[in-house]
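Reader: Could you walk me through this one, with the cut-offs spelled out as we go?

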Amino acid sequence: MQDYELKLSQFIDNELPIDEQQEFFYFLSQNEEARNTLAEYIEMKQGAKALYTSLEVQLDDPNFTNLYAGKPEKNNKKYKFMFYISAAASIIFAFLFLFNEFSPDPILKKYQNLQSEMIELKENYNAELNKQTELSKINNQLYEETDKLKRAEVKKNKSDNKISNVLLPKKSNQQKKNNFDSINDYLANVPTFVVTKDDFLGQQIIGN
Amino acid sequence: MDIKTLKNIKEFLPLPELYEKYSIEIFKYSLSILNNEEEAKDAVQEVFVKYANSKSSFRQDCSQKTWLLVITRNYCYNRLQHSSFKNYGIEEVRQNENYEIDYDSNISLKEALKMLTPEQNELIYLKEYEGYSYKEIAELTNQSLENVKIKLFRVRKRLREILK
């Protein structure tokens, strides 16, 4: 077995494949040198293990352990003291603020007053705007009511076979004149009749 | 790095307890690579500070110990690259009185270990002291399993030659 030292190394590490073990044991039983080498390897293995096991060292570093253990450090006293002072100061300021014991800057006060005035004006403006909206709503309602009434009247007139003046579109004087002129022109070409304005406007002629 | 096989412990310890539990092992692992007690002590501090800072990136797909070992390894090799010191030895480290192996042979083993490279020392530490399997070592050191097997064999062979 040429590479028996490699197999020895695997064997002492318990990494020699099972199918190779039998052959290896047979080789060991036949070879005294291999057995001696195995003994040396085992001794080295145990020696190295014992060497590392026997190492002793003092590693305790309080700064490091305290840092991550969250234990209070000496320096924390200073921070604690500062914390209490800031807490007391904040309480005093809160009292001063609540009882208005401190006088604010006049510019700041003016600014605050202006701000409150502006808010008031805004509110008034909004109220006016609301009123206007309400009025326009009422106007719309009135218009709708009037329209309904007009429509009802027209309906009534139609049912009485009357042409309501309400429905007749109002014509301008020029339009009326044009109408008369055109009708007069037409009538002028009719030889048998002499028609006046009054006759033309009458119910009877329109009917004929 | 895939270190799924290294998840031995699923418990999640707070940092002070983690420090108490693993600081010595981190020290020993650092010592195996740096071969200098003071540097190894510094490494322990640095590793735990780095751990605390990188806790958010810890995905918990491995144990805290493995995560610490990875940080330690990165730190130590980085330190070796950027420092002038090399192989000061580990004589300063105190020995346990209960140590059973012969004193003389013990010294010679220490001397022999001093002659190894940081990588070889690291392999010896991970295999002999931590008892990791080849696969675990391969994943931790980012090497192939075959590589670990061969390297461990070579380290032992070299140690044997030195000790002869």
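Reader: What share of chain B's residues count as buried?

Author: Of the 164 residues in chain B, 34% count as buried, where buried is defined as 20 or more other C-beta atoms within 10 Å of a residue's own, exposed as 12 or fewer and partly exposed as in between, with C-beta atoms placed from the backbone. This is a predicted model, in which local features need pLDDT of at least 70 and side-chain atom pairs count only at pLDDT 80 or more, while totals for chains, interfaces and linings use all residues. Residues are numbered from 1 along each chain as its sequence is written, and chains are lettered from A and ligands numbered from 1 in the order in which they are written.

Reader: How many helices and strands does chain B have?

Author: Chain B has seven helices and zero strands, taking helices (H or I, at least four residues) and strands (E, at least two) as DSSP runs numbered from the N terminus.

Reader: Which residues touch the most others in the largest nonpolar core?

Author: That core has 45 residues, and B:Ile26, B:Ala43, B:Val44, B:Val47, B:Leu68, B:Ile71 and B:Ile137 touch the most other members; a nonpolar core here is a set of buried Ala, Val, Leu, Ile, Met, Phe, Trp, Tyr and Cys residues joined through C-beta atoms within 7 Å. The largest share of this core, nine residues, comes from α1(B).

Reader: And what does B:Leu68 touch?

Author: Leaving out residues up to four places away in sequence, B:Leu68 touches B:Tyr22, B:Ile26, B:Val47 and B:Tyr51, a contact being two C-beta atoms, placed from the backbone, within 7 Å.

Reader: Next topic, at what angle do α1(B) and α2(B) pack?

Author: They pack at about 135° with their axes 8 Å apart, the axes being lines fitted to C-alpha atoms, for helices over the stretch in contact, and the angles running from 0 to 180 degrees between N-to-C directions. That angle makes α1(B) oblique to α2(B), because angles under 35 degrees count as roughly parallel, over 145 as roughly antiparallel, 65 to 115 as roughly perpendicular and the rest as oblique. Among the residues of α1(B) in this contact are B:Ile26 and B:Phe27, and those of α2(B) include B:Val44 and B:Val47.

Reader: What about α5(B) and α7(B), how do their axes cross?

Author: Their axes come within 10 Å and cross at roughly 100°, which makes α5(B) roughly perpendicular to α7(B). In this contact B:Gln120, B:Leu123, B:Ile124 and B:Lys127 of α5(B) meet B:Lys151, B:Leu152 and B:Val155 of α7(B).
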